[in-house]
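Here is a short tour to follow in your viewer, one selection at a time.

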Amino acid sequence: MVRLNYHYLLFLILCFPPTLCFGQDVYDGQVINSVTDIAIPSVTVKLLKEKVATQTNERGYFSLAYESHEKNDTLQFTCVGYKPFKLPVSAYLPHVLIALEASNTELNEVLINNKKVKQIILGRFFNYDLKNSGRSNLYYHVTQVIAQRTLLAKLFTAPQANAILTSIALGRQDLPTSPTYAIRNKYTNFLIHVIAEDPDVGGPGDILFTKTVSLSDNSARVDIDVSKELIVIPGINFFVAIEWLITPYNEIIAVSNSPKLDWVTKRGYQMLKDASEYRVSYQPFLIGYMNEKTLKPAVLYTKVGRSWQATQGYDPWDLALSATVHY
Amino acid sequence: MKKIIALIACTFTLVANAQQKVNTFHIIDSLSGKPVASTSVTIVRAKLSITTEKDGIFKIPGDLSLMRDTVILNTQTYMPFKIPLNRLSDMDTIRLTRYAIEINNEKIKYKDDTLLNDYRKQDVVHYAGINTETANFEYLQLAQQFYTNKPGVFLKEITLNRLAFGLDDSEHTWTGLVYLDRTKFRVRIYDIDPITHGPGRDLCTKIIEEKKTSGSQVSINLKKYNIIIPNTTFFVAVEWLRDFYNAGYSITFNPKEKKMTRLPNYHPAIGISAVTGEKLNIWALNFKHEWKPFGYFMPFGTDLAMKAVIKY
């Protein structure tokens, strides 16, 4: 829910499927800047009556364990430079996303008003796009395509050539969707590549930059700062690719029911008994969303063997992957 | 026994087909002549292992005289029995000999409890015991190594985390698919082997068997077994009972054949602690009955999600 004229704070609440939340004795979520969407580290999160507190990490993520189930308790978020915010625990939903409003807006203007360099966010998604309410879909590395597809690239078009890539943002979920029952795995390592367009075929070409991303929390929004890398995009088209690493660290175990043969009757009927069938998928699970501006799916490529192939996204779902460039 | 044969039939077709003879064997105690229940039967090169039911019967289809493999029978308190498969062709009964363990643990009064290898169950997201894309789980036991400050401590209790999808009522969450979480397994306590520095002799002569239907946390009170740790390190192992009760499946992609493979997979899967230590403390007993360090999850995953309470 977004309330633009909210007096003190603007907050967004992301509601991921509550059916699969393990450990209900933990409040967790992410705190971001209400204007820039950038995560805010070192926000103090207090549970006022129980008197326990924690701080957000570098991705704005917090996880606050509690013992009592006091229904009238309140979560309080405070940080220097931001207006404090209180959230009654009765309004809490798993993976809550809190957008804090800066207490000194003039500071933001100083940062933004640079007339010489323009900045644009390509493929911009908003925090409500990450909300999983049946409108979103997941892009992930499924077991069936493990040998063929460990790379997924999204096409971006900059306003002009020689733009400088400064940051990449993606939406990520730490568990698969229902109906599969799965164990959440917040830990993941994956690679992110910035790839120039192949002028001959129009698909991904030379890799310009590669970075390993390591996550160890349940934050839905991941911002990757590459401003110090001086990545210059040679043409106007370029790709940002995610490469899945098929390692034990990224495993997500899911279960379904697959009956096993118990015994056979004299008439030849097979009597079955419920049994587990495990499948392993690999993090990260990327979030797809309906882009209401374009109503078009993302232009995606996957790598099959040594060659890239254009692939249709989940129509009309876009991929929550954005790139910020200076030009 | 018929059930488990049906379950592994798909993999056994490598050495036999349905038209061939089925060889039935009875495992009995050499003195009493009674069946030896829950014996691990492992065919080494074929990488097949099952655990017998209470009747101590197992079956192998095919012409045994043509098979060039080795079978190992093993169960707690009996001498392991190892024999080439082709020598089983004229046998129908295998006699296991019980060995005597002299453990004279005097009743000593201890004062303070100490918790070893603590973990937070909320942080456990990785599990050992499942066939995955990167490796099949071909082990009979997994052991966690513990360290104490001095020898002679009393092992009071262990707690471990296992994979469960439907959780206890106390965990305030959904309870779907609870019936898929049933498991029973054995717990073994080992001294250190002075040569391999892995698990050595059994420190408990009695069988510790645990059954669990739901919930991820398993606590086992060991007081009645009066287990005294003779050195400053010891091992607690989970022994899989690869029988019908624990049998399920796993689906993995076979990159060579480029198709999905469905293999038997036995409960439980044991949690990996999220706390990474400096040293790998997990050991695995392979189908050759050799204890080896279990480095599947390295560089993280140095310890099982298993803690122990000892008394000084």
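Before the first stop, two terms: helices (H or I, at least four residues) and strands (E, at least two) are DSSP runs, numbered from the N terminus, and two strands pair if DSSP finds at least two bridges between them. This is a predicted model, in which local features need pLDDT of at least 70 and side-chain atom pairs count only at pLDDT 80 or more, while totals for chains, interfaces and linings use all residues. Residues are numbered from 1 along each chain as its sequence is written, chains are lettered from A and ligands numbered from 1 in the order in which they are written, and side-chain values use heavy atoms, with hydrogens and water left out.

**Stop 1: a sheet in chain A**

Select E3, E2, E5 and E6 of chain A: in that order, these four strands make an open sheet with antiparallel pairing. Strand E3 (52–55) and strand E6 (85–88) of chain A are at the edges with a single partner strand each, so one side of each has no neighbour in the sheet. Now zoom in on strand E2 (residues 44–47) of chain A, which is joined to E3(A) by four bridges. Which residue of E3(A) stands opposite Val45(A)? Thr54(A) does.

**Stop 2: strand E18 of chain A**

Next, pick residues 251–257 of chain A, strand E18. Five of its seven residues are buried, so the strand is largely enclosed by the rest of the structure; buried means under 20% relative accessible area, exposed over 50%, partly exposed in between (1.4 Å probe, protein chains only).

**Stop 3: a loop residue in chain A**

Go to Asn218(A), in the loop between strand E14 (204–216) and strand E15 (221–225) of chain A. Is this residue buried or exposed? Asn218(A) is buried, at a relative accessible area of 13%.

**Stop 4: the nonpolar cores**

A nonpolar core is a set of buried Ala, Val, Leu, Ile, Met, Phe, Trp, Tyr and Cys residues joined through side-chain atoms within 4.5 Å. The largest one has 60 residues, and Leu155(B), Ile189(B) and Phe234(B) touch the most other members. A second, separate core of 30 residues includes Leu122(A), Phe190(A), Ile192(A) and Ala323(A).

**Stop 5: salt bridges**

Here a salt bridge is a side-chain nitrogen of Lys or Arg within 4 Å of a carboxyl oxygen of Asp or Glu.

- Show Arg188(B) and Glu239(B), whose closest N and O atoms are 2.9 Å apart in a salt bridge. The pair links distant parts of the chain, with Arg188(B) in strand E12 (residues 183–192) and Glu239(B) in strand E17 (residues 233–240) of chain B, 51 residues apart. Arg188(B) is buried at 7% relative accessibility, and Glu239(B) is buried at 5%.
- Show Glu138(B) and Lys47(B), a salt bridge with its closest N and O atoms 3.5 Å apart. Glu138(B) is partly exposed at 24% relative accessible area, as is Lys47(B) at 48%.
- Show Asp123(B) and Arg120(B), where the closest N and O atoms of the salt bridge are 3.0 Å apart.
- Finish in chain A with Glu58(A), Arg59(A) and Asp217(A), which a network of salt bridges links.
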